[in-house]
Amino acid sequence: MGSGTEPGRFAASAVLLAAFIVRERRAAHPMLEVRLFRNPRFSAASGAVTVSFFTLFGFIFLITQYFQFVRGYGPLSTGVHLLPVALSVGAGSVAGTQLAVRAGTKLIVTTGLVAMAAFYGWAAATTSATTSYGIIAAQMVLYGLGLGLTSAPATESIMGAISRAKAGVGSAVNDSTRLVGGTLGVAVIGSIYASVYGSRLTATMPASVPGPVAAIAHQSVGAAYVAAGQIAALGHPALGQALQHAAANAFLRGLTIGCLIAGAVAAVGALLAVLFLPAQPVQPIQIAPPASPAADEPATAEAAHEAETQAHPASAAR
């Protein structure tokens, strides 16, 4: 599909979103009470979760390719090498909820987002085909701690900003922010990476690579490695190695730019958390149900009788 259709799709999405908001504001029983977003504790925390998962999915998209193609790890080995992130996310989530009670949600969420931004800056500055796994593991621990410090207190802030009766709405919004953030992370960071990879590969690819092979190599770094192996198998090992080297350098260039973009998004998220996220919890939003006179009459009569009983106990006993 041509790129010319994309502005139309974005415009259609904006119109549909506006229509949905208008519909929900007028509905007697809305699926999503949009007034919840007036509470900074709810809306700012939702934004923090969105940013966190934007960076998380972008990180997974890039690092899995780096481990499998540039470092040559198998799928299982790649998963094992990603364990520092999972373990540190768990530790950061436990610590984050406890620290938020003492130091405030604003400070802990902001600290987590700053840690994620620092991770991406560190990765962009040091990642190469020969970077020690010890350094990569330390970087992943920093990122995992940042994600845990951000997502757990922010989720608590979302759920604590509304009444217990509306807990399902809060949970749905929390899940939606994760999905939206993750989808945008893969789409934005993946698109930027692919653009940088393609332009860099075009500039550095050996001129003797046949056109059809070059087209395959531009699809992805994995496709480029397969094409390089086929060239080598056909009796041109030097050309195959040169193509693989060019693809690896193009991938690393795309990874570096992708890391810088993700780090910038995390830094903006930290700034927004400082500006809008309350330091301490406030009273949950109480959403009044639609007025129903017929349903209110028994409750009103019962309340009046109780008040009469308290005022004149003797007459009530009679």
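Biologist: Which residues make the nonpolar surface patch of about 560 Å²?
Modeller: V268, L271, L272, V274, L275 and F276 make that patch. Nonpolar side chains (Val, Leu, Ile, Met, Phe, Trp, Tyr) are joined within 5 Å, like charges within 9 Å. Areas come from the Shrake-Rupley method with a 1.4 Å probe, and for residues only the protein chains shown count as cover. Please keep in mind that this is a predicted model, where local features need pLDDT of at least 70, side-chain atom pairs count only at pLDDT 80 or more, and totals for chains, interfaces and linings use all residues. Residues are numbered from 1 along each chain as its sequence is written, and side-chain values use heavy atoms, with hydrogens and water left out.

Biologist: Why is V274 called partly exposed?
Modeller: Buried means under 20% relative accessible area, exposed over 50%, and partly exposed in between (1.4 Å probe, protein chains only). V274 has 41%, so it counts as partly exposed. This residue lies in helix α10, residues 237-276; helices here are DSSP runs (H or I, at least four residues), numbered from the N terminus.

Biologist: How many aromatic pairs are there?
Modeller: The count is 14. Rings of Phe, Tyr and Trp (its six-membered ring) pair if their centres lie within 6.5 Å; planes under 30 degrees apart count as stacked, over 60 as edge-to-face and the rest as tilted.

Biologist: What makes the pair of F61 and Y193 edge-to-face?
Modeller: Their ring centres are 6.1 Å apart and their planes stand at 75°, so the pair is edge-to-face. F61 sits in helix α2 (residues 40-70) and Y193 in helix α7 (residues 167-204), so the pair ties together parts that are 132 residues apart in sequence.

Biologist: Is Y193 buried or exposed?
Modeller: Y193 is buried, because its relative accessible area is 5%. F61, at 26%, is partly exposed.

Biologist: And why is the pair of F67 and Y133 called tilted?
Modeller: The centres of these rings are 6.4 Å apart and the planes are at 50°, so the pair is tilted. F67 in helix α2 and Y133 in helix α6 (residues 133-160) are 66 residues apart, and their pair links distant parts of the chain. F67 is buried, with a relative accessible area of 0%, while Y133 is partly exposed at 26%.

Methods: Patch = residues over 30% accessible without salt bridge, like charges linked within 9 Å, V, L, I, M, F, W, Y side chains within 5 Å. Salt bridge = Lys/Arg side-chain N within 4 Å of Asp/Glu carboxyl O. Helix = DSSP H or I, 4+ residues; strand = E, 2+ residues; numbered from the N terminus.
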